[in-house]
Amino acid sequence: MTAPIIIVGAGQAGLQTAESLRSEGYTGSLTMIGDEPCTPYHRPPLSKAYLLGEFTAAQLTIRTAEALAKKGIELRAGIMVGAIDRAANRLRLTNGDELDYASLCLATGARPRPLPLPGADLEGVFPLRTLADTQAIAARLPSASHVVVIGGGFIGLEFAAVARKLGKAVVVLEAAPRLMPRAVTPVMSDFFRDLHVAHGVDIELGAAVSALIGDQGKVVAVRTADHREFPADLVLVGIGILANTELAQQSGLECQQGIVVDACSRTADPHIVAAGDCTARRLADGTLLRLESVQNAVEQGKSAAAALLGKERPFSTNPWFWSDQYDIKLQMVGLAAGCDRTVLRGDMGKRKFSAFHYRGQKLIAVDSINSPEDHMPARKLLDLALSPAPDEVADLSRPLNALINR
Amino acid sequence: MPRITYIEPSGNKTEIDLPEGWSLMQGATSNGVEGIEAECGGSCACATCHCYVESHADRLPPPSETELSMLEHVAAERRPNSRLSCQLKASADLDGMIVRLPLCQS
């Protein structure tokens with residue numbers, strides 16, 4: 001019997017790789033190994049609908065075990081891979097088992113960046129990444145009254161919105177001078193600060209945390225570098241993620257904050273591809289791009305499967321992301337880094353607008369607030385590398401679709 | 001539990017008993033019904049869970065403004081009975097409903 005294709009990781013990227021292998025015609029054996037003790041699930045709703053009680057855990061399931069089996073995908077859940085022996089095309093599991101592979105996809109994901117401070121391990125301090133993390137938070141929330149969120153990024157702000165909806169007092173401590181500094185431009189940072197303040201959240205910018213204070217093992221406050229203390233009975237730490245690159249690194253594959261892959265999700269080893277949050281993609285100009293998103297997992301999963309079957313399917317679309325906070329839907333496409341001009345379409349005061357970001361004459365990113373009718377054409381504009389003039393996109397009387405097909 | 005029939009792009013029919021409150025997208029994807037991508041997991045953010053409602057249309061609440069906007073940008077042909085399946089919640093009213101899945105979602 002020939003060895004299977006093995007996918008390490010059973011998240012969105014791993015699952016996409018497995019299913020794309022099947023839809024592209026691979027009929028050999030296929031094994032997906034996941035360290036979480038469950039079938040693949042949708043992570044994005046964890047910090048939103050799931051914590052609000054709108055979805056149950058079962059509703060997060062992307063595929064049941066039966067659905068996977070029907071497609072000939074063997075899921076080994078709750079299992080850790082300890083090492084890759086690339087010379088022998090073999091995996092060593094932490095339980096001592098060894099598995100031969102014909103080829104391998106690393107879809108190992110990422111883990112929350114730990115808070116390197118005293119008190120980070122106190123009871124009541126949580127990361128928010130997995131279903132288990134979120135269930136632990138959900139168990140704690142009913143008895144919590146003072147929530148402190150460390151980190152004003154997507155996860156932190158989505159959780160802050162949930163906690164406010166549930167009636168908690170909420171403080172967000174962000175070390176940078178604005179919210180979501182890595183992901184959005186200052187105009188959007190300001191919009192979200194105003195939004196959260198209007199909902200009663202205490203947003204503290206430039207607030208570097210120095211320690212978490214405990215009493216009998218439980219967190220009771222968060223202290224900042226300027227000696228302020230914020231009472232807390234639940235602390236959410238959302239300060240980013242670290243790619244799980246250890247397996248790849250130990251086996252000698254190139255890693256730079258992520259497993260380095262090309263546009264087709266290939267590593268330097270012809271038998272190994274990688275996809276999703278664990279990767280850093282080499283762009284045409286030689287720089288590396290790390291994306292942390294569902295779209296990235298899905299696109300790279302499709303590319304990885306194609307590559308394993310000897311085909312080239314380069315990642316060709318612009319990155320897109322979304323976030324839900326209160327009644328606001330943020331949809332973003334492109335990367336706004338390096339933008340030197342921003343033009344608004346719509347009415348910021350009515351919380352329905354889009355920000356078109358330009359570098360010189362070139363449109364590089366569009367952030368939409370409650371405007372899916374802008375976001376979807378913006379994806380097309382960017383994917384077609386079209387740059388309508390700023391006064392055209394600002395003119396609400398001109399449908400964006402008309403700027404695509406002309 | 002309301003029983004929903006999904007017609008996959010291949011013409012294959014799958015019947016699923018959906019717990020009330022589940023979206024038609026959740027029932028289809030978790031059970032491996034072909035023809036839905038649902039990248040965003042049900043946030044009405046991606047327009048890749050497009051379906052054609054073939055029966056029981058009069059028992060559905062009308063689409064929200066967001067859903068209508070997203071429907072303008074589905075990959076397959078938009079028809080009068082187009083909906084996003086993540087926005088359709090199973091209820092006793094919908095027992096026997098039939099939805100058809102389009103040829104492509106992206």
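**View 1. Surroundings of V235(A) in the predicted model.** Leaving aside neighbours within four places in sequence, V235(A) is in contact with G124(A), V125(A), V148(A), I150(A), L212(A), V219(A) and V222(A), two residues being in contact if their C-beta atoms, placed from the backbone, lie within 7 Å. V235(A) is also, with L106(A), V149(A) and A274(A), one of the residues with the most contacts inside the largest nonpolar core, which has 144 residues. Such a core is a set of buried Ala, Val, Leu, Ile, Met, Phe, Trp, Tyr and Cys residues joined through C-beta atoms within 7 Å, where buried stands for 20 or more other C-beta atoms within 10 Å of a residue's own, exposed for 12 or fewer, and partly exposed for values in between. This is a predicted model, in which local features need pLDDT of at least 70 and side-chain atom pairs count only at pLDDT 80 or more, while totals for chains, interfaces and linings use all residues. Residues are numbered from 1 along each chain as its sequence is written, and chains are lettered from A and ligands numbered from 1 in the order in which they are written.

View 2. Strand 22 (residues 320–325) of chain A is largely enclosed by the rest of the structure, because six of its six residues are buried; strands (E, at least two residues) and helices (H or I, at least four) are DSSP runs numbered from the N terminus. W320(A), W322(A) and D324(A) lie on one side and F321(A), S323(A) and Q325(A) on the other, and both faces are covered. F321(A) stands opposite M332(A) in strand 23 of chain A, and in the hairpin, which has two residues between the strands, Y326(A) takes a positive phi near 55°.

**View 3. R379(A) in helix 9 of chain A.** R379(A), within helix 9 (residues 372–383) of chain A, is partly exposed because 18 other C-beta atoms lie within 10 Å. Not counting residues up to four places away in sequence, R379(A) touches N318(A), W320(A) and V333(A). R379(A) and T317(A) are 62 residues apart in sequence, yet 8.4 Å apart in space, C-alpha to C-alpha.

**View 4. Helix 8 of chain A and the residue G310(A) just after it.** Helix 8 (residues 294–308) of chain A is mostly covered, with 15 of its 15 residues buried. Just after this helix, G310(A) takes a positive phi of about 80°.

Terms used
Pairing = 2+ DSSP bridges.
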